[in-house]
Amino acid sequence: MIDTHTHLYLPEDFPGDEGRLAVERAFGAGVEELIFPGIYTESVPQMRALQRQFPGRIHVALGLHPTELTDTWRDDLKALRPLMEAGDVVAVGEIGIDLYWSREHRDRQIEAFREQTAIAAELGLPVIIHCREGLDETLQVISGLKAQDKCPRLLFHSFTYGHDEVKRIRAVDPEAMFGINGVATFKSAANVREAVSEIGAEHILLETDSPYLAPVPYRGRRNESAYLPATAAKVAEVLGLTAAEVDRITTGNARKFFRLK
């Protein structure tokens, strides 16, 4: 099992040695590998420090999160670009559009998303997309890049929309992948479970988005990668598969999408 989106490296949520201990708990729970998505330049040393402690089992993606974009985001991206070119970076992300909190920097988010996605295509890397209240803008950018043949492989991380939005995304990119996390276990998230049925196992990647969105029965706690099996069990229930089948299929999906060995 692979947690394709976890922030165990964040010192504000996993201070001191807690990040390392959380990684070890994940391995003990049957999660074999982890992918750390970047959110800003300052997070890179923290990600790399944990990665060095667990060689071959932690993978790094780099990007500028839409809510972390500053007035100097172009300079930040310029600093990240050579790091993205390193042979062990598995994706550009998490990047995208988030208009949930404010629409004030909508144009900046669109521009940064477009530029980072184009870089990913140039480098042959997939993209981890953060999309919250910004699906129209996200699909607009993707459509434009596809028209220019500059669109890489796409993963819609923390997918919390419904089946209609799955169809909208697939109309633009039939091969898009979808990250499913603890939200699928929430009683109030029937739309996400309907989306899981629409997506099908072959296009699902499992994730926690730790430290956020802990699945049932861990709701209310700080989320960890060790809780990923709870989400896998819910996906299995929705799709009428065994947990072992979901593990096998989604792990294969992750290895293919991120080109992991």
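Mentor: Glu18, Arg25, Arg222 and Glu224 are joined in a network of salt bridges, a salt bridge being a side-chain nitrogen of Lys or Arg within 4 Å of a carboxyl oxygen of Asp or Glu. This is a predicted model, where local features need pLDDT of at least 70 and side-chain atom pairs count only at pLDDT 80 or more, while totals for chains, interfaces and linings use all residues. Residues are numbered from 1 along each chain as its sequence is written, and side-chain values use heavy atoms, with hydrogens and water left out.

By that rule there are 18 salt bridges. One of them joins the side chains of Arg108 and Asp71, at 2.5 Å from N to O. Arg108 sits in helix α4 (residues 106-123) and Asp71 in the loop between β3 (58-62) and α3 (73-84), so this pair ties together parts 37 residues apart in sequence. Helices (H or I, at least four residues) and strands (E, at least two) are DSSP runs, numbered from the N terminus. Arg108 is buried, at a relative accessible area of 19%, whereas Asp71 is exposed, at 68%. Here buried means under 20% relative accessible area, exposed over 50%, and partly exposed in between (1.4 Å probe, protein chains only).

Now look at Glu137, which is buried at 8% relative accessibility. Its side chain meets that of Arg103 in a salt bridge of 3.3 Å, N to O. That pair links distant parts of the chain, with Glu137 in helix α5 (residues 135-147) and Arg103 in the loop between β4 (89-98) and α4, 34 residues apart. Glu137 also forms a salt bridge with Arg106, at 3.1 Å from N to O. Because Glu137 lies in α5 and Arg106 in α4, this pair ties together parts 31 residues apart in sequence. Arg106 is partly exposed, at 26%.

Next, follow the chain to strand β5 (residues 127-132): five of its six residues are buried, so β5 is largely enclosed by the rest of the structure. β4 and β5 pair in the parallel sense over five bridges; two strands pair if DSSP finds at least two bridges between them. The bridge partner of Gly96 is His130 in β5. From β4 the chain crosses through α4 to β5 in a right-handed β-α-β crossover: with the strands pointing away from the viewer, the path from the first strand over the helix to the second runs clockwise.

β5 also pairs in the parallel sense with strand β6 (residues 154-156), over three bridges, and Ile129 stands opposite Phe156 in β6. The crossover from β5 through α5 to β6 is right-handed.
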